[in-house]
Amino acid sequence: MVHWEEVAAGVFRRRYEPHDVSVCVVRSADGLLVVDTRSSHREADEVRADLRRLGDLPVRWVVNTHAHFDHTFGNARFGPASDLGAPIYAHERVPAHLDAYERPMLAGWVASGREPKDEWREIVITAPTVLVGNTTTLDLGGRAVQLLHLGRGHTDNDLVVHVPDAGAWLVGDLLEESGPPMYGSGSFPLDWPATIDRLRVALTTGPHADAPVLVPGHGAVIDERFAAVQQGHLQVVADIVRDLYAAGIPVEAAVREGGDRWPFPAAGMAGAARDGYRQLRDTHPDT
Ligand SMILES: [Zn+2]
């Protein structure tokens, strides 16, 4: 069994299956801040039980790094309708994303009888209770945590949780380690590289700028070098999508036409092409 790993001073992380999703905890004298709530009420309850290993401190704050189901569908078990009654912080575009993508997806899973049926059926998709813009500082009681929206990328509602006193950056799915970055479901492939650029600039600030600790939403702890390499790959994807669109290649043929230029497995590139083409069409609606 994998236990909580203290990735930086007073910052803990546990990796959960399915999806190898990270749940992180920032501990202060006043309580625990929990980052992301997994895919269902049952999975969230497993997190709650595991939190007892970190002591008796109450969960006082919850943050969603973005709206995707594997980071938010456990919200109900932490939020105001639960016995914990914690506020849930997220970017201001999360509610709209939940309505546009996650609610219809869950309804489809329930209607189709997807397993585990009972687990999907009992989910009450719970929107965040405190919506934030580009920069917010939370005071955990002697410990500051910054919530940063650095631009569009994996979604239009990604938040990075920065713990300055520990040099920790919980980056959600803006960077991924155990699999390729995930496109589709509301991604912005053309903006993504510039967002990572802003992250890399931010990493150079603060007392731990010499060795920042980055925790991705999926996978092992990474460093600035990893971020730079993945940013390069994200840029290649953006460039290919622009080229194919400019050449008039239909979106259905984009994955094949990109051929071995894609830096990530072809299976994930249909989403990149679809969302990139959508961005380009929205910019130039007449073409
Ligand atoms: Zn995601």
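Guide: Let's start with helix α1 (residues 41-51), where H41, E43, A44, V47, R48, D50 and L51 are buried. This is a predicted model, where local features need pLDDT of at least 70, side-chain atom pairs count only at pLDDT 80 or more, and totals for chains, interfaces and linings use all residues. Residues are numbered from 1 along each chain as its sequence is written, and side-chain values use heavy atoms, with hydrogens and water left out.

Visitor: What makes a residue such as A44 in α1 "buried"?

Guide: Buried means under 20% relative accessible area, exposed means over 50%, and partly exposed is in between (1.4 Å probe, protein chains only). A44 is on the buried list for α1. The cover over those buried residues includes β2 (11-16), β3 (21-27), β4 (32-35), β5 (59-63) and α4 (117-121). Helices (H or I, at least four residues) and strands (E, at least two) are DSSP runs, numbered from the N terminus.

Visitor: Why is H19 called partly exposed?

Guide: H19 has a relative accessible area of 38%, so it counts as partly exposed. H19 sits in the loop between β2 and β3, and its phi is positive, near 80°, though it isn't a glycine. Most residues other than glycine have a negative phi.

Visitor: And what is S185 called at 23% relative accessibility?

Guide: Partly exposed as well, since S185 has 23% relative accessibility. S185 belongs to the loop between β11 (168-172) and α5, and its phi is positive too, about 55°.

Visitor: How do you know which residues of α5 meet α6?

Guide: Contact means heavy atoms within 4.5 Å. On the α5 side, W192, P193, I196, D197, R200 and L203 take part, and they meet α6 residues including L234 and A238.

Visitor: What is α6's reach set against?

Guide: The expected span is 1.5 Å times one less than the number of residues. With 23 residues, α6 reaches 33 Å from its first C-alpha to its last, close to the 33 Å expected.
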